Amino acid sequence: SRSGSRGDQGRPLRRRPEYETTCCKARKGTNVNILLIGSGGREHAIAWALQKSPNTDVLYVAPGNGGTAEIAENVDLDIADGEALLSFVHERNIGLVVIGPEAPLVDGVADLLRADGVPVFGPNADGAQLEGSKAYSKAFMEANDIPTAAYGRFDDDAAALAYVREQGAPIVIKADGLAAGKGVTVALTKEEANEAICECFDGRFGEAGSTVVLEEMMTGPECSMLAFTDGVTMIPMAPSQDHKRAYENDEGPNTGGMGVYSPVPIVTDEEHATMVDIMERAVAGLREEGIDYRGVLYGGFMLTPQGPKLLEFNARFGDPETQVVLPRLETDLVDVMVATAQRRLSEIELSWRPEWAVSVVLASEGYPGDYAKGFEITGIDEANALPGVHVYHAGTKVEDGKVYTNGGRVLNVTALGGTFEEARDRAYEACDLIDWDGKFMRRDIGARAMRGRSAWES
């Protein structure tokens, strides 16, 4: 496979000649009608990038949110109903379907559409199992010599509890299936581990917790590498770094992500090359298994003292990583996605804007637990008016021209800047212009990165 410019993580520091890539346009046809599936901040960011393209005719988003309604046509479709989606595709002459969330991928929506000849950006159900089953993913890593944490797979609580007694703590407990980013517990004591195991098997995560994966706890900063792949060619995107914990200083429960930045200043060229190599190995392994993987492959890495190791795979764009990666992408996203769907990704090279990007998640008080909805949001227009700022809607709805909260993670406030500090300061300036009853955010997004690698060792 081809990885593009291997050393390029899209960072503006220490730029070398091979970092300078140019956009190689995919072959042009007529403009396409596009159906984007999803309703979160990730989908608003994807919709924003698709709508910028001169190759987009009409953009539909199902079901969308308050932000996508401003730039596309939201449609009320059940995204789990493949037949309904297929009917809509034929009725509206859709030339490209982009699947944002993981659940419809795991459920085989891409398979159904692709079997009918529809160009789809998103892997088939077999490929989506890399995210849909952590046990499957770990076995795949082992089979392809991908460095990762030691682990055990368990189908009953007694065996899992016995493993904890044997291995001790700290230890990581993961519900096997999809749990909206909330099925992972980093247990520092045996008691915490036992409680997390019992929660899984007692049904807190439904069927997703009927199998549990227990892993050794690795140490080091985390880093995400998303890559476009058509199953043959793999092109990495600029790395990003998410903040999973709900509260400042990386405390509290895991969430879907509370903030993110790109590029990642602490990643060395050697570490970046290792991550690219791991992603290439994964694409080759999928191809050897005969899996039709056309979309985004997301590698979540831990930068350990022994080198990068893989924490997990995701089968789609990350959320909120997409909200900092796509604003920095200069290459036409429609070109990239159509080429991916048509297995022509070898024709594409990615070009990145030199700015830094920082995004802060504004959430509802109580998230990731219980939270109230329906509060009016003010200040979005004022925040968007700041230079380099874009507010992506996640859990919002619009009624009578007003925007209301409608989810746990409500808005992603993204800012670009010439330096990391400028982007970060601008993002928080925009956050402070936005308000609603119960607004909640972390105020330390990117703080560790500004202190350097030693911040993770203290």
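Two strands are said to pair if DSSP finds at least two bridges between them. Strands (E, at least two residues) and helices (H or I, at least four residues) are DSSP runs, numbered from the N terminus. This is a predicted model, in which local features need pLDDT of at least 70 and side-chain atom pairs count only at pLDDT 80 or more, while totals for chains, interfaces and linings use all residues. Residues are numbered from 1 along each chain as its sequence is written, and side-chain values use heavy atoms, with hydrogens and water left out.

Let us begin with strand β9, residues 212-216. Strand β6 (residues 151-154) pairs with β9 in the antiparallel sense, over 4 bridges, and Gly-152 stands opposite Leu-214. Strand β7 (residues 171-175) is also antiparallel to β9, with 5 bridges; here Lys-174 has Val-213 as its bridge partner. Is β9 enclosed or open? Because 4 of its 5 residues are buried, β9 is largely enclosed by the rest of the structure; buried means under 20% relative accessible area, with a 1.4 Å probe and protein chains only.

We turn now to an open sheet of 5 strands, ordered β3-β2-β1-β4-β5 with parallel pairing. Its edge strands, β3 (73-74) and β5 (120-121), each pair on one side only. Strands β1 (residues 32-38) and β2 (residues 56-63) are joined by 6 bridges, and Ile-37 stands opposite Ala-62 in β2.

Finally, the largest nonpolar core has 75 residues. Such a core is a set of buried Ala, Val, Leu, Ile, Met, Phe, Trp, Tyr and Cys residues joined through side-chain atoms within 4.5 Å. Helix α10 (residues 269-288) gives the most to this core, with 7 residues.

Notes: Buried means under 20% relative accessible area, exposed over 50%, partly exposed in between (1.4 Å probe, protein chains only).
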